[in-house]
Amino acid sequence: MITTTPRTRLPRLVGASLAAGGLALALAACGTDDASGDGATTPAATPDGMTSPTPEAPTPTPTSDDAGTDPAALTDGSTLVDIATYASTWVVTTVEGAVTTLENPSTSEVPYTWVIEPAGAEGTSLVRSSATTDDPDMCLNLPGDDVVGLAECDPADPHQQLRVTALDRPEQVNVSNDNGYLVADQEGGLAVEPEPGSPASVFTLTARGPAAG
């Protein structure tokens with residue numbers, strides 16, 4: 001079994017917000033009505049007198065639910081999924097056979113998707129990496145003592161029997177076992193906490209196609 005080394009984490013920081021000052025421009029009226037005082041803006045006039053169209057809002061990236069994926073398929077072993085943290089990092093396997101997080105999963109040297117499938121105990125799941133180390137499948141492992149790692153998949157191993165619990169949205173989950181809750185470490189990587197009391201314990205699953213086999 002290859003595990004990551006627990007790290008001492010700094011207290012979680014409260015993000016400071018920055019307020020941007022507004023800049024008002026006085027425009028001379030030239031055949032147009034004054035803007036109303038309700039905060040609406042007047043479309044810009046082009047040289048031929050036509051108004052330019054309002055740019056369309058960017059299309060949001062579809063979630064598993066928006067894309068039409070059955071939420072049950074995210075955890076029944078039939079679907080490859082990304083696992084993203086609240087901080088927009090992704091849970092990935094390393095070439096050494098450990099587990100960490102990356103801001104850009106496309107830079108991962110090994111496949112970074114996962115398959116969540118039923119484990120040996122009722123109501124629990126194996127979280128299996130789509131990357132392999134010397135051929136055996138590797139699964140997420142929470143053996144205790146704040147350790148997060150990978151081990152050769154064993155549905156009967158209680159350290160791999162994880163509860164993947166859906167939250168308000170079915171693709172948002174907590175991951176836990178009797179040793180605690182998986183959380184995204186503020187300094188990078190993953191850790192284990194006794195309670196799911198912060199956003200760091202929320203992970204988002206996104207379907208990435210059918211699982212092999």
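In β10, which residue is the bridge partner of Arg 163? The bridge partner of Arg 163 is Ser 176 in β10.

This is a predicted model, in which local features need pLDDT of at least 70 and side-chain atom pairs count only at pLDDT 80 or more, while totals for chains, interfaces and linings use all residues. Residues are numbered from 1 along each chain as its sequence is written, and side-chain values use heavy atoms, with hydrogens and water left out.

**Overall make-up**

The protein has 13 strands and zero helices. Helices (H or I, at least four residues) and strands (E, at least two) are DSSP runs, numbered from the N terminus. Of the 213 residues in the protein, 34% are buried. Buried means under 20% relative accessible area, exposed means over 50%, and partly exposed lies in between (1.4 Å probe, protein chains only). The accessible surface comes to about 13,000 Å², and carbon and sulfur atoms hold 53% of that surface. These areas come from the Shrake-Rupley method with a 1.4 Å probe; for residues, only the protein chains shown count as cover. Among contacts (heavy atoms within 4.5 Å) with a separation of 6 or more, 52% are between residues 24 or more positions apart.

**Strand pairs**

Two strands pair if DSSP finds at least two bridges between them.

| Strands | Bridges | A facing pair of residues |
|---|---|---|
| β6 and β7 | two bridges | Thr 132 and Asp 137 |
| β7 and β8 | five bridges | Cys 139 and Ala 151 |
| β9 and β10 | four bridges | Arg 163 and Ser 176 |

β6 covers residues 125–132. β7 and β8 form a hairpin with two residues between the strands, and Asp 145 in this hairpin takes a positive phi near 55 degrees. The hairpin of β9 and β10 has five residues between its strands.

**The nonpolar core**

A nonpolar core is a set of buried Ala, Val, Leu, Ile, Met, Phe, Trp, Tyr and Cys residues joined through side-chain atoms within 4.5 Å. The largest one here has 22 residues, and those with the most contacts inside it include Ile 83, Val 99, Trp 114 and Leu 140. Among the elements that give two or more residues to this core are β2 (79–85), β5 (114–118), β7 (137–144) and β13 (203–210). β7 gives the most, with three residues. In soluble globular proteins, nonpolar side chains tend to be buried together.

Not counting residues up to four places away in sequence, Ile 83 touches Thr 89, Trp 90, Val 91, Trp 114, Val 127, Phe 203, Thr 204 and Leu 205.

Six of the eight residues of β7 are buried, so this strand is largely enclosed by the rest of the structure.

**The disulfide**

How many disulfides does a search of the whole structure find? The search finds one disulfide (a pair of cysteine sulfur atoms within 2.5 Å). This disulfide joins Cys 139 to Cys 153, with an S to S distance of 2.0 Å. Cys 139 lies in strand β7 and Cys 153 in the loop between β8 and β9 (163–166), so the pair ties together parts that are 14 residues apart in sequence. The torsion about the S-S bond is about 95 degrees, so the disulfide is right-handed. Cys 139 is buried, with a relative accessible area of 0%, whereas Cys 153 counts as partly exposed at 22% relative accessibility.
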